[in-house]
Amino acid sequence: MSNKKEEFVIFGNPVEHSKSPQMHNAGFENLKYNGIYKKHLLEDGNTIKDVFLQNNYKGANITVPHKEFAYKNADEVRGLANEIKAVNTYINKNGKTIAYNTDAPGFLHAIESFGNVKSVLLLGAGGTAKAISLALQQSNIEVTVLNRSEGKLEFFKKHNLKASTWEEFEIKEYDLIVNSTSAGLKDELLPCPEQILNEVLKNAKFAFDCVYGRMTPFLNLAKEKGLEIKDGEDMLLYQGVLAFELFTGVKADNKVLEAMRKGLKGE
Ligand code: NDP
């Protein structure tokens, strides 16, 4: 019997910064699963399916800027990914690519610790906002999208979600405010004008930032105002755990989850 390890990768450009290999390899090790997870720098997103199959990868995750290419090229798309039109996971099933989006359920899992959330103001309208907004809608949580510019709002309106720019925004009360913009990722910017944030944070209970590993100006402001806050680490972890279950066919128990969390944190 061949003892060759099954190969898994993360496709991205850039991909060097990705923590997915350390997270998944920790999971494989904990489970004694005969797999290895590596980084694959991919320049042309249109080649993603061919590269995946030619390398005989068993599974893959897909990050910026290839999630939409991966969706378009997949042989079969399952679940909410059909609506989001972007995928972050590929499975190789008998030489066919089966695609999923685990960012959306990963986000829902990450906000469970807040308890009861009925309404959300979602800042940003990029790829992550698409996944989050449809996941929330499917869970019957009311969601309003607020973005700097008009261009990306069409998707949300088509899905019967409230969506507006900063200028048109009518302030209401929300339980949870989510930053899904890239403001605060590598700068000290707030995701929308401070005056809007001051108003919505006054009435909210929780704040979540998709950015992980640092206290963003958004989370600092929310904390100052006494909200319960959370960064994007759990979202990253849970999207990874859900992909890991698809890769291995094994339900991740707490032992695997904690191993993957430690792997993610480099502990
Ligand atoms: P996109 O590039 O698709 O979208 C970026 C969004 O942010 C756009 O709506 C854009 O507005 C807005 N934006 C960018 N800069 C600013 C700014 N200075 N002020 C206000 N709005 C701004 O990005 P993604 O959706 O792929 O990613 C968004 C964030 O989520 C990133 O920080 C990423 O690291 C994080 N992320 C975290 C994950 C996790 O697991 N924790 C998973 C995926 C992403 P406009 O339309 O006007 O340009």
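How far apart are the mean positions of the positive and negative charges of the chain?

1. **Charge.** The mean positions lie 4 Å apart. The chain carries 34 positive and 35 negative charges. Keep in mind that this is a predicted model.

2. **Overall size.** The chain has 267 residues and a radius of gyration of 19 Å. A compact globule of that length would have a value near 18 Å, so the two agree. Along the principal axes, the C-alpha atoms fill a box of roughly 65 × 35 × 35 Å.

3. **Secondary structure and contacts.** Eleven helices and twelve strands make up the secondary structure of the chain. Take the contacts between residues at least 6 apart in sequence: 62% of them join residues at least 24 apart.

4. **Surface and burial.** The accessible surface of the chain is about 13,100 Å². Carbon and sulfur atoms account for 48% of that surface. Of the 267 residues, 53% are buried.

5. **Helix α6.** This helix covers residues 127-138. Its twelve residues should span 16 Å at 1.5 Å a residue. The end C-alpha atoms of α6 are 17 Å apart, which agrees. Buried residues in α6 are Ala129, Lys130, Ala131, Ile132, Ser133, Leu134, Ala135 and Leu136. Note that a lysine, Lys130, is among them. After α6 comes Asn140, with a positive phi near 60°.

6. **Helix α10.** This helix runs over residues 233-248. At 1.5 Å a residue, its 16 residues should span 22 Å. The end C-alpha atoms of α10 are 22 Å apart, in agreement with that. Burial is the point to look at here: 14 of the 16 residues are buried, so α10 is largely enclosed by the rest of the structure. Gly249 follows α10, and its phi is positive, near 75°.

7. **Gln239.** Gln239 has 7%, so it counts as buried. Which residues does Gln239 contact, leaving aside its neighbours within four places in sequence? They are Met23, Asn61, Asn88, Thr102, Asp103 and Gly106.

Definitions and conventions: Residues numbered from 1 in each chain as written. Predicted model: local features only at pLDDT ≥ 70, side-chain atom pairs only at ≥ 80, totals over all residues. Heavy atoms only, no water. Helix = DSSP H or I, 4+ residues; strand = E, 2+ residues; numbered from the N terminus. Rg over C-alpha atoms; globule rule 2.2 N^0.38 Å. Buried < 20%, exposed > 50% of the residue type's maximum accessible area, 1.4 Å probe, protein only. Contact = heavy atoms within 4.5 Å. Areas by Shrake-Rupley, 256 points an atom, 1.4 Å probe, with all protein chains shown as cover. Lys, Arg positive; Asp, Glu negative; His and termini not counted. Charge placed at Lys NZ, Arg CZ, Asp CG, Glu CD. Expected span 1.5 Å × (residues − 1).
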